[in-house]
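Biologist: I have a structure open and would like to learn how to read it. Could you take me through some features, one at a time?

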Amino acid sequence: MKPEQTKKVTLAQIAELTGGRLESSPDLEISGIAPIEKAKPGQITFLSGAKNYRQHLENLSKSEASAVIASEDAPEIKLPAIRLKNPYFGLVKALELFSPDNRPNYNIHPTAFVSEHAQIGEGVTIEAGAVIETDAVVGSGSWIGAQALVGRESRVGENTRIYPGVKLLDRCQVGNRCIIHANAVIGSDGFGFTNHEGRQLKVPQVGNVIIHDDVEIGACVTIDRATMESTIIGNGTKIDNMVHIAHNVIIGNNCTIVAQVGISGSTIIEDNVTLAGQVGTVGHVRIGKGTVVAARGVVTSDVEPGSFVSGFPIKPHQEERKILAALRKLPELLKKVRELEKNSPTKDE
Amino acid sequence: MKPEQTKKVTLAQIAELTGGRLESSPDLEISGIAPIEKAKPGQITFLSGAKNYRQHLENLSKSEASAVIASEDAPEIKLPAIRLKNPYFGLVKALELFSPDNRPNYNIHPTAFVSEHAQIGEGVTIEAGAVIETDAVVGSGSWIGAQALVGRESRVGENTRIYPGVKLLDRCQVGNRCIIHANAVIGSDGFGFTNHEGRQLKVPQVGNVIIHDDVEIGACVTIDRATMESTIIGNGTKIDNMVHIAHNVIIGNNCTIVAQVGISGSTIIEDNVTLAGQVGTVGHVRIGKGTVVAARGVVTSDVEPGSFVSGFPIKPHQEERKILAALRKLPELLKKVRELEKNSPTKDE
Amino acid sequence: MKPEQTKKVTLAQIAELTGGRLESSPDLEISGIAPIEKAKPGQITFLSGAKNYRQHLENLSKSEASAVIASEDAPEIKLPAIRLKNPYFGLVKALELFSPDNRPNYNIHPTAFVSEHAQIGEGVTIEAGAVIETDAVVGSGSWIGAQALVGRESRVGENTRIYPGVKLLDRCQVGNRCIIHANAVIGSDGFGFTNHEGRQLKVPQVGNVIIHDDVEIGACVTIDRATMESTIIGNGTKIDNMVHIAHNVIIGNNCTIVAQVGISGSTIIEDNVTLAGQVGTVGHVRIGKGTVVAARGVVTSDVEPGSFVSGFPIKPHQEERKILAALRKLPELLKKVRELEKNSPTKDE
């Protein structure tokens with residue numbers, strides 16, 4: 001094991017880094033970051049504005065942490081505090097500061113295979129067992145994980161991280177500053193068949209996948225290539241683990257697709273859409289800009305921009321909530337109506 | 001980058017290949033295929049019979065395409081047209097014609113490991129980092145992708161394509177002309193435990209998986225081996241991405257299993273069954289020949305042949321549709337019944 | 001192909017191994033185990049107490065098997081029988097006896113890469129194309145499959161099996177006697193972002209994953225590392241294929257998580273909980289000890305210990321069943337209420 005490399009920075013330095021307002025103790029030395037309950041002396045912690053806020057505050061009063069990152073709005077705190085309007089931004093910066101840096105210091109590991117017909121930029125890292133195929137391009141600063149594949153004529157932009165085991169298949173493209181997590185598959189064939197003489201005949205899938213910049217794609221995600229042309233993921237979109245994206249789908253910028261979502265073929269998702277966990281869509285629908293589909297919803301038709309929908313089929317979220325509440329009264333309702341029928345004038349006739 | 005290899009064929013040649021009826025311009029040279037909106041001069045396009053047909057027709061009138069593949073039933077088209085009863089068959093043939101051929105021209109890549117106890121047929125391609133284990137068999141013409149595994153005593157038939165990262169585990173079998181997409185797992189252990197003295201004791205899974213001919217299996221699919229004997233996938237069955245198939249499942253011929261379906265242990269699925277996206281089944285049920293289970297349905301009991309079912313638990317699709325429609329009136333119904341109760345004679349007594 | 005290695009053991013030896021009571025024929029030689037319908041002379045079979053018990057009994061009377069493992073409670077059987085209180089325990093022992101042993105007889109395959117800074121215990125097997133990174137530890141007797149990765153500073157305990165293609169990412173830990181199935185990902189980044197100036201800013205995920213002893217994890221499972229600290233899987237917990245476990249989740253001991261379940265961030269699952277297939281949880285909930293969530297349920301709030309719940313949102317299972325039954329009467333109910341309204345005194349006024 002490597003000796004533990006303890007980094008020490010002053011609270012003033014962290015405040016400057018985060019753009020936060022430091023209340024006291026600028027020279028206090030901080031050696032790490034940890035949650036409220038786990039923090040030890042010398043570490044900084046974080047007071048989130050999330051649920052259980054009261055509980056967090058109480059835990060903070062008992063924490064061993066030496067300092068805290070908190071919201072401008074948070075009440076008085078006994079510990080030295082760095083205050084920010086968005087304390088999560090402070091958390092991000094502090095986490096970056098104390099992140100372990102495991103990037104290897106070689107360029108191409110001797111067990112990796114890099115085709116002589118591939119173009120590899122400056123400062124690229126290619127780990128053990130990775131394969132970079134003929135006519136592939138890997139841009140400067142990118143980092144290809146162990147046993148990952150960059151297929152024939154594929155392109156990886158600059159400063160992108162491809163984690164171990166990812167399969168970026170032939171002729172697909174990934175932009176700059178992207179992160180693709182382990183064992184994701186980019187460019188598998190779309191699921192297209194035509195019934196011919198009683199058998200299912202494969203429709204060749206000759207398109208590709210284009211992933212734009214600043215996209216993050218989760219572990220074991222699958223994104224199918226288009227039949228013709230391209231399946232597209234827009235700038236800044238974040239996709240969680242085990243999401244399935246079918247052929248010819250077009251996803252806009254800055255969308256959030258949570259785990260285990262399934263998006264059927266030719267769906268168009270406009271910018272800033274959120275699909276919560278386990279959502280499904282039927283094919284050929286358009287989901288308007290800024291829409292939120294709540295967890296487990298099934299999108300069966302086009303959705304207007306700015307909608308907040310849920311259920312199967314999707315409805316306005318408030319309507320779905322009322323239905324779910326009413327459902328719990330349904331068995332009772334059946335009894336009541338049976339009772340009413342007994343006493344109904346029609347029955348008396 | 002390789003120089004773009006532009007293939008040029010005449011419209012008459014395409015018509016012959018597809019078995020279609022050419023209306024005009026037999027000597028027109030075609031260099032590629034693209035969707036209606038994207039096609040450029042020199043390319044052929046495709047008029048599908050799918051939804052938005054009117055829109056497609058209108059777009060076609062503005063397309064830059066030089067020719068079109070269309071249905072016999074489609075109205076008059078200004079472009080030179082190849083007409084077929086099933087235009088999708090024409091699309092398939094044209095896509096095959098213009099498909100990029102990325103198959104490498106070596107047999108076994110120097111970084112692949114092939115056991116000296118494996119049998120490799122004629123004309124097999126084994127890409128970089130692939131592993132072919134002891135006593136494995138790979139049939140003639142098959143193509144094993146980068147970093148894929150063919151396990152000990154496994155068999156791959158002829159002209160089958162195993163994509164990068166697939167794990168075909170020990171003693172499993174894949175037939176002829178199959179396609180297995182990236183990072184799929186064939187032959188993982190079934191999920192079987194018995195409670196013994198308060199602990200979960202693993203039931204060894206000593207069976208295997210047998211995949212018959214002309215089967216296609218999606219990316220990140222998992223098919224568990226049987227406890228004893230075999231989990232079986234029948235001829236011509238097509239399985240989309242991220243489908244989970246548990247131990248001892250038997251799937252018949254020419255089934256269609258859409259993405260993210262989960263099939264529990266010992267389920268029997270007869271021929272020509274369609275399970276739409278995100279369907280689930282409980283274990284030990286039999287789904288009769290030709291049945292369709294609509295998206296998200298949960299099969300909780302045996303299903304008669306030829307059924308069209310949906311919902312949780314599954315019901316005849318028309319019944320489920322009526323229930324879903326009625327649900328939207330449920331909150332209103334609660335109010336009405338409350339009103340009726342107020343005015344009911346029983347309340348007056 | 002290797003010559004078939006037929007192992008022969010006497011019925012008395014099997015009885016001793018399983019702790020069962022042998023009724024007759026102690027010297028009968030048994031060469032294998034197979035299901036009732038498939039067993040051949042010389043093989044032992046198994047009479048489960050599962051559903052279709054009558055059918056199994058009838059099939060047994062026609063089976064070619066030479067002996068049977070059965071429950072103490074089963075009726076008289078003509079075949080020589082080994083009887084146990086828990087016949088599944090007998091099945092486990094008999095399956096173990098006849099399991100094919102495919103463990104290779106080398107230690108480190110020449111195509112594997114093992115860092116000189118890794119610690120490898122006694123009797124470890126590392127298959128072709130596997131990568132063991134800097135400062136990783138693999139405990140005695142463990143078996144690392146082809147093309148698997150043990151990341152930097154990761155630890156694998158003793159007698160653990162890591163199947164092909166698994167990615168155990170940097171700084172994660174797996175205990176003793178665990179089994180991790182093919183292409184699972186342990187330690188992918190959690191899905192955490194904060195909105196900063198209109199863009200989604202990644203919250204670095206600097207924690208890890210800790211998997212305790214005797215855990216089994218299915219194929220293509222993804223377990224995200226904690227933001228800080230650890231995502232934890234307790235002793236003896238069994239996880240089926242394609243389960244997604246988000247960051248900061250804590251799962252207790254001896255839980256059973258069935259295929260395609262999705263567990264959102266910071267969920268706490270106490271000991272002996274069962275989540276059936278395709279269940280989902282929202283984040284930050286606690287599921288009490290011994291709870292069972294039925295298939296497809298969505299856990300939207302804390303659950304008391306010992307609950308049996310189902311539905312979306314989850315409710316007591318009996319209540320959910322009543323609702324599902326009542327739903328089938330809902331369209332009829334709408335008509336009845338319309339009828340009642342027509343005849344209601346208020347309408348007459």
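Modeller: Let's start with burial: a residue is buried if 20 or more other C-beta atoms lie within 10 Å of its own, exposed if 12 or fewer, and partly exposed in between, with C-beta atoms placed from the backbone. Glu153(A) has 21 C-beta neighbours inside 10 Å, so Glu153(A) counts as buried.

Biologist: Before we go on, what kind of model is this, and how do I read the labels?

Modeller: It's a predicted model, where local features need pLDDT of at least 70 and side-chain atom pairs count only at pLDDT 80 or more, while totals for chains, interfaces and linings use all residues. Residues are numbered from 1 along each chain as its sequence is written, and chains are lettered from A and ligands numbered from 1 in the order in which they are written.

Biologist: Where is Glu153(A) found, and which residues is Glu153(A) in contact with?

Modeller: Two residues are in contact if their C-beta atoms, placed from the backbone, lie within 7 Å. Helices (H or I, at least four residues) and strands (E, at least two) are DSSP runs, numbered from the N terminus. Glu153(A) sits in the loop between β14 (149–150) and β15 (155–156) of chain A. Leaving aside neighbours within four places in sequence, Glu153(A) is in contact with Asp135(A), Ala136(A), Asp170(A) and Arg171(A).

Biologist: How do I read a strand, say β23 of chain C?

Modeller: In a regular strand the side chains alternate between the two faces of the sheet. In β23 (residues 208–211) of chain C, Asn208(C) and Ile210(C) point one way, Val209(C) and Ile211(C) point the other way, and all are buried. As for partners, two strands pair if DSSP finds at least two bridges between them. β23(C) is joined by two bridges to strand β18 (residues 173–174) of chain C, running parallel, and by four bridges to strand β26 (residues 230–233) of chain C, also parallel. Ile211(C) has Val174(C) as a bridge partner, and in β26(C) Ile211(C) is bridged to Ile233(C).

Biologist: And which residues have the most contacts inside the largest nonpolar core?

Modeller: In soluble globular proteins, nonpolar side chains tend to be buried together. A nonpolar core is a set of buried Ala, Val, Leu, Ile, Met, Phe, Trp, Tyr and Cys residues joined through C-beta atoms within 7 Å. Here the largest has 216 residues, and Ile132(A), Ile132(B), Ile186(B) and Ile132(C) have the most contacts inside it. Apart from that core lies another, of 33 residues, including Val206(B) and Leu79(C).

Biologist: How many residues of chain C are in contact with chain A?

Modeller: There are 56 residues of chain C in contact with 56 residues of chain A. On the chain C side, α5(C) gives the most, with six residues. The contact between chains C and B takes 56 residues from chain C and 54 residues from chain B, and there α3(C) gives the most to the chain C side, with seven residues. Pro331(C), in helix α5 of chain C, touches Lys322(B), Ile323(B) and Ala326(B), not counting residues up to four places away in sequence.
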